[in-house]
Amino acid sequence: MKKDNKKVIYWLLTGCILIFIMVIVGGITRLTHSGLSISNYKLISGTIPPMNEVEWQEAFELYKQYPEYQKLNNHFDLQDFKDIYFWEWLHRVLGRFIGLVFIIPFLYFLIRKQLTKSTIKKSIVLLVLGGFQGFLGWYMVKSGLVDNPDVSHYRLAAHLTTAFITFAVTFWVALDLIFPKKKTIEKGIRNFVRISLVVLIIQIIYGAFVAGLDAGFIHNHWPMMSEGKFMHETVYIEQQPVYKNFLEGKSGVQFAHRIIAYIVVAFIIGIWLKTRKLTLTKFQSNGVNLLLLGVAIQFILGVLTIIYAVPVWLGVTHQIGAFLLLSAMTFTLHRFSK
């Protein structure tokens, strides 16, 4: 049988779709403050939720031993706990399922010798990224089980960004098989798209910072942070030294996220302008057009999310927009690569 066949491509694209779903569920988990509802980690038995009232009560009693219940949710009854438990349980089960979807077909293709050496190496990288992503999820949750009833926004950013990167790499490997031949494009433009991708990833990291610090619930105006103020004074006085405001201060992180959004828009418009006079293939042209459309929609979603103080549905939609924008950027860069 032919190596790197359609089955391999479908396998990789299925992984992309599952990671996409995983990120959506992760976003809902974060926005509903469900992420600390399961305080223990059981790889196998943890896939089965409590099945009767006795088991539910045991799980609830365990939850009561940790800071989130003691400091924030001590008014919760069992039904409230069940509501937040569901999203975290689903998030973890999806993670395990994705692991199986990657590992089992990989071993099958390996045994049947349906993978080239290049694809085997890339697949191993994907497996390592997936395993690291799982570790970061546990590491993130652990930070909210000690004193502070919330996870570290640094660990949240690492967890989310690794998910986005794992998706992008998986998508890239699939594109390598779908489009084995590439049309060389001017090196300067190719490098400009690479820089744009880096800026977009930085913006994704800052989006995670905003989520982790709940920074979207303040300064709910646009284009000003507050009435008549493009930069609110709290941007640079919350933390000392000053640079910490842009890493750990709610106002500073939100301000940085706003500014980087303008930069992302400028870079993508730059890509569109730089490629207008070039003779592009159909897929190259489609990639650039999707980028322009995607960044316009994502910018509008970002504005609405801040104005309406992050309702769950809008926060999740905004995160989906970031995911789709990264997809378009990855596709465009792949089509512009050698």
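Modeller: Let us begin with a pair of helices, namely α6 and α10, whose axes come within 10 Å and cross at roughly 35°. Axes here are lines fitted to C-alpha atoms, for helices over the stretch in contact, and angles run from 0 to 180 degrees between N-to-C directions. This is a predicted model, in which local features need pLDDT of at least 70 and side-chain atom pairs count only at pLDDT 80 or more, whereas totals for chains, interfaces and linings use all residues. Residues are numbered from 1 along each chain as its sequence is written, and side-chain values use heavy atoms, with hydrogens and water left out.

Colleague: Why are α6 and α7 called oblique to each other?

Modeller: The axes of helix α6 (residues 153-178) and helix α7 (residues 187-212) come within 8 Å and cross at roughly 140°. Angles under 35 degrees count as roughly parallel, over 145 as roughly antiparallel, 65 to 115 as roughly perpendicular and the rest as oblique, and α6 and α7 are therefore oblique. Their crossing is right-handed, and the contact includes L156, L160 and F164 of α6 as well as I201, I205 and F209 of α7. That contact of α6 with α7 has 11 nonpolar, 3 polar and no charged residues.

Colleague: At what angle do α1 and α10 pack?

Modeller: Helix α1 (residues 6-31) and helix α10 (residues 312-336) pack at about 150°, with their axes 9 Å apart, and α1 passes α10 in a right-handed crossing. Residues including F20, V23 and I24 in α1 meet others in α10, among them V316, I320 and F323. The contact of α1 with α10 divides into 11 nonpolar, 3 polar and no charged residues.

Colleague: What makes the ring pair of Y63 and F81 tilted?

Modeller: The structure holds 29 aromatic pairs, and in this one the ring centres of Y63 and F81 are 5.2 Å apart with their planes at 35°. Rings of Phe, Tyr and Trp (its six-membered ring) pair if their centres lie within 6.5 Å, and planes under 30 degrees apart count as stacked, over 60 as edge-to-face and the rest as tilted, so the pair of Y63 and F81 is tilted. The pair links distant parts of the chain, since Y63 belongs to helix α2 (residues 53-63) and F81 to helix α4 (residues 78-111), 18 residues apart.

Colleague: Which peptide bond ending at P223 is cis, and where does P223 lie?

Modeller: The bond from W222 to P223 is cis, with omega near 5°, and P223 lies in the loop between α7 and α8. A cis peptide bond also joins Q240 and P241, with omega about -5°, and P241 is found in the loop between α7 and α8.

Colleague: How confident is the predictor in the protein chain, by mean pLDDT?

Modeller: The mean pLDDT (the predictor's confidence in each residue, from 0 to 100) is 91 for the protein chain, and 99% of its residues reach 70 or more.

Key. Helix = DSSP H or I, 4+ residues; strand = E, 2+ residues; numbered from the N terminus. Left-handed = near helix turned anticlockwise from the far one by under 90°. Contact = heavy atoms within 4.5 Å. Nonpolar A, V, L, I, M, F, W, Y, C, P; charged D, E, K, R; others polar.
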